[in-house]
Amino acid sequence: MEKQRVHIKIHGKVQGVFFRASTKDKARELNIYGFVKNNSDGTVEVIAEGDTENLQKLLAWCHVGPDRSRVDHVNTDWQPYLSEFKEFSIN
């Protein structure tokens with residue numbers, strides 16, 4: 001399978017609703033490595049690496065998020081795979 005890296009920025013009601021923890025669970029389920037973090041502007045940011053198909057599944061999930069979230073907009077930037085990460089973490 002082809003591997004890639006994706007930078008995702010999620011806008012909406014995405015902080016204080018377990019978005020980071022849920023993203024970590026989903027990434028681990030999909031065997032994706034990288035991190036998720038809250039930004040000071042109220043967005044959640046994800047850098048993820050793995051199989052392209054699984055990254056697309058994670059991206060689709062990010063458009064919905066966990067139950068209490070409201071996703072208004074998602075920015076996506078596909079990048080070359082760097083094999084930078086050994087796990088998926090919350091920063």
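Analyst: Helices, of at least four residues, and strands, of at least two, are DSSP runs numbered from the N terminus. With that in hand, welcome to this predicted model.

User: Thanks! Where does Phe18 lie?

Analyst: Look between the numbered elements: Phe18 sits in the loop that joins strand 1 to helix 1. Its phi is near 65 degrees, a positive value in a residue other than glycine.

User: Is Phe18 buried or exposed?

Analyst: Exposed means over 50% relative accessible area. Phe18 has 55% relative accessibility, so it counts as exposed. While we are on loops, Asn31 is in the one between helix 1 and strand 2, and Asn31 also has a positive phi, near 60 degrees.

User: How should I read the sheet, and in what order do the strands come?

Analyst: Strands pair when DSSP finds at least two bridges between them. Here 5 strands make an open sheet with mixed pairing, in the order 4-1-3-2-5. At its edges are strand 4 (70–79) and strand 5 (88–90), each pairing on one side only. On average, neighbouring strands are turned by 15 degrees against each other, direction ignored.

User: In which sense do strand 1 and strand 4 pair?

Analyst: They pair in the antiparallel sense, over 9 bridges. To find your place there, look for His11, which stands opposite His73 in strand 4.

User: Which strands does helix 1 touch?

Analyst: Helix 1 packs on the sheet and touches strand 1, strand 2 (33–38), strand 3, strand 4 and strand 5. The direction of helix 1 makes about 175 degrees with that of strand 5. Helix 2 packs on the sheet too, touching strand 1, strand 3 and strand 4, and its direction makes about 155 degrees with that of strand 3.

User: Which residues of helix 2 are buried?

Analyst: Buried means under 20% relative accessible area. In helix 2 the buried residues are Thr52, Asn54, Leu55, Leu58, Leu59, Trp61 and Cys62. They pack against strand 1, helix 1, strand 3 and strand 4.

User: Now the core: which members of the largest nonpolar core touch the most other members?

Analyst: This core has 20 residues, and Ile8, Ile10, Ile32, Val46 and Ala48 touch the most other members. At least two residues come from each of strand 1 (3–13), helix 1 (19–29), strand 3 (44–51) and helix 2 (52–62). Helix 2 gives the most, with 5 residues.

User: What does Ile8 touch?

Analyst: Leaving aside residues up to four places away in sequence, Ile8 touches Val44, Glu45, Val46, Leu59, Cys62, Val74 and Asn75.

Terms used:
Residues are numbered from 1 along each chain as its sequence is written. This is a predicted model: local features need pLDDT of at least 70, side-chain atom pairs count only at pLDDT 80 or more; totals for chains, interfaces and linings use all residues. Side-chain values use heavy atoms; hydrogens and water are left out. A nonpolar core is a set of buried Ala, Val, Leu, Ile, Met, Phe, Trp, Tyr and Cys residues joined through side-chain atoms within 4.5 Å. Buried means under 20% relative accessible area, exposed over 50%, partly exposed in between (1.4 Å probe, protein chains only). Contact means heavy atoms within 4.5 Å. Axes are lines fitted to C-alpha atoms, for helices over the stretch in contact, and angles run from 0 to 180 degrees between N-to-C directions.
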